[in-house]
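I opened a new notebook page for this protein today. My plan is to look things up one by one and jot down what I find.

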Amino acid sequence: FGLFLKCLHGYMSGFGNEHVSEDPRCPGALPEGQNNPQVCPYGLYAEQLSGSAFTCPRPTNKRSWLYRILPSVCHKPFKPLKEGHLTHNWDEIEPDPNQVTVLERPLGLHTLCGAGEPRGRNGIAIHIFVCNASMLNRCLYNSDGDFLIVPQQGKLLITTEFGKMLVEPNEICVIQQGMRFSVEVFGETRGYILEVYGAHFELPDLGPIGANGLANPRDFLVPVAWYEDRQVPGGYTVISKYQGKLFAAQQDFSPFNVVAWHGNYTPYKYHLEKFMVINSVAFDHADPSIFTVLTAKSTRPGVALADFVIFPPRWGVADNTFRPPYYHRNCMSEFMGLIKGHYEAKEEGFQPGGASLHSMMTPHGPDADCFEKASKAKLEPERVAEGTMAFMFESSLSLAVTKWGLQTSNRLDKNYYKCWEPLKSHFNPNCK
């Protein structure tokens, strides 16, 4: 990581803040008092990246100004590129409401499930990835929406137009719509991606919790400006994800040539250990929404297009309470993943890097062994999920599993339903 440490000067903190950054190699690169002067300092080009409509209210207006060596318009025409197992076709296979568990994954980027479509700017897709090679002279940008990336194994050194971010397991990062990025890996790397069309991630409203708690804004980190003025005679490939398809264009220079920038539309990262857990201290469960890190709101108040929820280490102290997650049928779709450790409701069979999908109104909950242990446990204060980090992508949309997920991958645990078969009746009409 010597090159990384040499090039990276730190991060700026704060979620959704107005940030200002310039590469220290070019002091004064930011224009003073305006965005688009007749001639920019150092002969740079001014370019605005808009993440919202110009007329959005000020609290939701997202844009940043980039001052770069060459504007990003300088490239050859885009040509179609094979998508592999990346898709937004949710009708390629008949719906299946059953509980789904995914075991290990093959190399590549694979779409597991989703709903909606990018042209209508409403929907989500969930992808899983495994890679062992870096993107060399290649970058990607997503015209369809935002990527929330959850690494599970291996570090990601992500170069963006705004600077560099090192993202490790137990951290997440968000690359917002239209931002160009390239990823360097250091051996086999795998993880999960939540893609959201038509909305940006926000911090959830806190309501009666008050001003502090959950994910605090200051703990979100934004990269500082870093540029490379590099010609690529053999061609630099810019990949665009557009309307669910991939296209590639060629140019002869690095796109990471932004010397300075300012604005509130940026990539960012967050360490999950920074999450301030709120929990019940009397009896019963609070709803799992208290573990929401980020939310992408729908047009209906209080209903999320997608929530990113975590289940971090915490204290369990509730009296007269079945402490693991309860049995549940939900009007939302729940995609569970595991970064490390074991999931408290299913200690066996759900491994780090795996995933499960519980579709709308499909029942789910603790397996038989978990139920029996928790029903008989002595209820003392205890650390829950120590050494563990499970998460959930939850959506108000009814998610369809892709053909690759259900059939082609051959990675499903077809015996998942059997974890509930040993559940037995404890009913006794003479015992209250």
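Before anything else, a term I need: I call two residues in contact when they have heavy atoms within 4.5 Å. With that in hand I looked at histidine 364, which touches Tyr326, Tyr327, His328, Glu334, His358 and Trp420, leaving out residues up to four places away in sequence.

Ground rules next. I'm working on a predicted model, where local features need pLDDT of at least 70, side-chain atom pairs count only at pLDDT 80 or more, and totals for chains, interfaces and linings use all residues. Residues are numbered from 1 along each chain as its sequence is written, and side-chain values use heavy atoms, with hydrogens and water left out.

**Entry: the whole protein.** I found 3 helices and 28 strands; these are DSSP runs numbered from the N terminus (helices are H or I, at least four residues; strands are E, at least two). The radius of gyration is 23 Å, close to the 22 Å that the globule rule gives for 432 residues, so the protein is as compact as a globular protein of that length. (That radius is taken over C-alpha atoms, and the rule is 2.2 Å times the number of residues to the power 0.38.) I also noted that the C-alpha trace spans about 85 × 45 × 45 Å along its principal axes. Buried residues account for 52% of the 432, where buried means under 20% relative accessible area, exposed over 50% and partly exposed in between (1.4 Å probe, protein chains only). Of the contacts between residues at least 6 apart in sequence, 77% join residues at least 24 apart.

Entry: Which residues does UniProt list as "binding site"? The unreviewed entry puts that feature at Tyr343 and His364. Such annotations may be inferred rather than shown by experiment; the positions use the numbering here, and feature names are shortened. The two are spread over 22 residues of sequence, yet they cluster in space, with a largest C-alpha distance of 13.9 Å.

I checked tyrosine 343 on its own. It sits in the loop between β24 (333–340) and β25 (355–358). Its relative accessibility is 11%, so tyrosine 343 counts as buried. Beyond its neighbours within four places in sequence, tyrosine 343 is in contact with Pro325, Met336, Leu338, Phe350 and Ala390.

Back to histidine 364, which I placed in the loop between β25 and α2 (368–376). Is histidine 364 buried or exposed? It is buried, because its relative accessibility is 9%. Its side chain also makes a polar contact with the side chain of glutamate 334, at 3.1 Å. (A polar contact is a pair of N or O atoms within 3.5 Å; within protein, one must be able to donate a hydrogen and the other to accept it, and residues adjacent in sequence count only if both atoms are side-chain atoms.)

**Entry: two serines.** Serine 359 is also in the loop between β25 and α2. I read 10% for its relative accessible area, so serine 359 is buried. Its contacts, neighbours within four places aside, are Asp96, Pro97 and Met332.

Serine 298 lies in the loop between β21 (292–297) and β22 (304–311), and at 22% relative accessibility it counts as partly exposed. Its side chain reaches the backbone nitrogen of arginine 300 at 3.1 Å and the backbone oxygen of valine 303 at 2.6 Å.
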